[in-house]
Amino acid sequence: MGGKETLIVANHKSSGLTTSIEEWARQVSAVEHGQNITVIVCPDFTLLERFASLLAGSGIKVGAQDISPFEKGAYTGEVNGEQIKRVADYVVIGHSERRTYFAETDKVLEQKVAMANKYGLIPIFCVQNGETPVPKGVGIVAYEPVFAIGSGTPDTPENANATAKKIKEENGGVENVLYGGSVNGDNVGGFLQMSDIGGVLVGGASLDPQKFIAIIKNA
Ligand code: PGA
């Protein structure tokens with residue numbers, strides 16, 4: 001991988017882990033990996049603080065799966081950037097599940113990115129194809145074609161790389177493009193050896209610490 005930074009991001013979604021939280025954190029934080037690899041875990045909001053404290057000092061970073069488009073105030077159910085920043089460094093924005101099931105629009109996603117940046121959170125902005133608009137202020141994009149999410153059928157490394165290249169060419173501030181969609185320990189290497197892919201966003205295979213560790217080890 002040379003000197004380029006590789007991000008391995010666990011997206012736990014609203015799913016359950018296969019082990020206790022303590023066990024997941026213990027096993028994953030015990031893995032040795034190259035210095036150019038950054039591991040980030042994105043649990044649900046109720047567990048952010050717990051993961052942050054279990055992983056303190058391990059080098060593993062914590063991220064939220066979403067952020068309010070608003071400042072603090074009367075927005076029942078929302079968690080704002082100022083609150084998230086107390087416990088996390090990253091935030092996933094624009095996942096296709098948010099767009100599909102929660103009707104999130106390009107406009108609202110732009111506001112979320114602005115809030116993340118205002119409070120010093122690093123957005124990991126998900127796009128579904130090379131045409132998805134990327135708001136200003138995004139440095140990390142995750143290319144996640146909908147057909148590949150949770151299906152067991154990933155995109156090809158070649159197509160993912162071509163899409164990553166296009167995203168970088170067309171969006172000036174984007175420095176890193178991750179691939180997401182049915183990533184596992186067996187296929188991760190194929191994606192990461194591509195010139196324009198700088199990491200992976202992992203859903204299903206991140207729920208089991210051993211499966212996630214296989215991804216980190218093969219990165
Ligand atoms: P998957 O999900 O790894 O289960 O396909 C990826 C994602 O939606 O972030």
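Trainee: Where does Ala103 lie?
Mentor: This is a predicted model, in which local features need pLDDT of at least 70 and side-chain atom pairs count only at pLDDT 80 or more, while totals for chains, interfaces and linings use all residues. Residues are numbered from 1 along each chain as its sequence is written, and side-chain values use heavy atoms, leaving out hydrogens and water. With helices taken as DSSP runs of H or I of at least four residues, and strands as runs of E of at least two, both numbered from the N terminus, Ala103 lies in the loop between helix 4 (96–101) and helix 5 (106–118).

Trainee: What is the phi of Ala103?
Mentor: Most residues other than glycine have a negative phi. Ala103 is a residue other than glycine with a positive value, its phi being near 55°.

Trainee: Which residue has a positive phi of about 50° although it is not a glycine?
Mentor: The residue is found in the loop between strand 1 (6–11) and helix 1. With its positive phi of about 50°, this residue is Lys13.

Trainee: At what angle do the axes of helix 1 and helix 8 cross?
Mentor: The axes are lines fitted to C-alpha atoms over the stretch in contact, with angles running from 0 to 180 degrees between N-to-C directions. Angles under 35 degrees count as roughly parallel, and helix 1 and helix 8 are therefore roughly parallel to each other. The axes of helix 1 (residues 21–29) and helix 8 (residues 209–218) come within 9 Å, and they cross at roughly 20°.

Notes
Angles under 35 degrees count as roughly parallel, over 145 as roughly antiparallel, 65 to 115 as roughly perpendicular and the rest as oblique.
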